[in-house]
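Please look over the chain shown here.

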Amino acid sequence: MTEPAPAESTADQPTGWTEVRRVRCGKPTCRCRTGPGHGPYLYQVWRDEQGHRCTRYLGPLPLVPNGNRQRAEPGGTG
Ligand SMILES: [Zn+2]
């Protein structure tokens, strides 16, 4: 009998995590200078093979679905 070797499963692994952060534009007259900042914005955070922390801007909160709104066409012969 042979013991089963631990199978290395690399599928379906979570790609980092998401963080909600606020940013400052840097303008001296902007309200974000003394306030909490712009946002909140959603960022995707993960670590690469070297263990470096990587971030990617996803978009402002709340996230809006990227789609076109259906507009009601003006009908009637008013
Ligand atoms: Zn600002």
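Which residues does Tyr43 touch, not counting residues up to four places away in sequence? The list runs Thr18, Glu19, Arg21, Thr55, Arg56, Tyr57 and Leu58. The model is a predicted one.

## Overall make-up

The protein chain has 3 strands and 0 helices. Along the sequence, the pattern reads β-β-β. The chain holds 78 residues, and buried residues make up 0% of them.

Contacts across the sequence can be split by separation. Take those between residues at least 6 apart in sequence: 23% of them join residues at least 24 apart.

## The sheet

The 3 strands form an open sheet. Their order is S1-S2-S3, with antiparallel pairing. S1 and S3 are the edge strands, each pairing on one side only. On average, neighbouring strands of this sheet are turned by 35° against each other, direction ignored.

In general, strands of a sheet pair through backbone hydrogen bonds, either parallel or antiparallel. Side chains in a regular strand alternate between the two faces of the sheet.

## S1 against S2

S1 spans residues 17–23 and S2 spans residues 38–47. The two run antiparallel, joined by 6 bridges. Trp17 stands opposite Val45 in S2. Thr18 has Gln44 in S2 as its bridge partner.

Glu19 also belongs to strand S1. Its contacts, leaving out residues up to four places away in sequence, are Tyr43 and Val45. Is Glu19 buried, exposed or partly exposed? Glu19 counts as partly exposed because it has 13 C-beta neighbours inside 10 Å, while a residue with 12 or fewer would be exposed.

## S2 against S3

S3 covers residues 53–60. S2 and S3 run antiparallel, and 7 bridges join them. Tyr43 stands opposite Tyr57 in S3.

The hairpin of S2 and S3 has 5 residues between the strands. Within this hairpin, Gly51 takes a positive phi near 85°.

Tyr43 sits in strand S2. S2 lies between S1 and S3 in the sheet order. Among the residues that Tyr43 touches are Glu19 and Tyr57. Glu19 is in S1, and Tyr57 is in S3. Thr55 is another contact of Tyr43. Tyr43 and Thr55 are 12 residues apart in sequence, yet their C-alpha atoms are 6.3 Å apart in space.

Why is Tyr43 partly exposed? Tyr43 has 19 other C-beta atoms within 10 Å, and a residue is buried if it has 20 or more, so Tyr43 falls in the partly exposed class.

## The cis peptide bond

Where does the chain carry a cis peptide bond? The bond joins Gly39 and Pro40, with omega at about 5°. Pro40 has its place in strand S2. From Pro40 to Glu19 the C-alpha separation is 9.7 Å. Along the chain, these two residues are 21 residues apart.

Note on methods
Residues are numbered from 1 along each chain as its sequence is written. This is a predicted model: local features need pLDDT of at least 70, side-chain atom pairs count only at pLDDT 80 or more; totals for chains, interfaces and linings use all residues. Two strands pair if DSSP finds at least two bridges between them. Helices (H or I, at least four residues) and strands (E, at least two) are DSSP runs, numbered from the N terminus. Axes are lines fitted to C-alpha atoms, for helices over the stretch in contact, and angles run from 0 to 180 degrees between N-to-C directions. Two residues are in contact if their C-beta atoms, placed from the backbone, lie within 7 Å.
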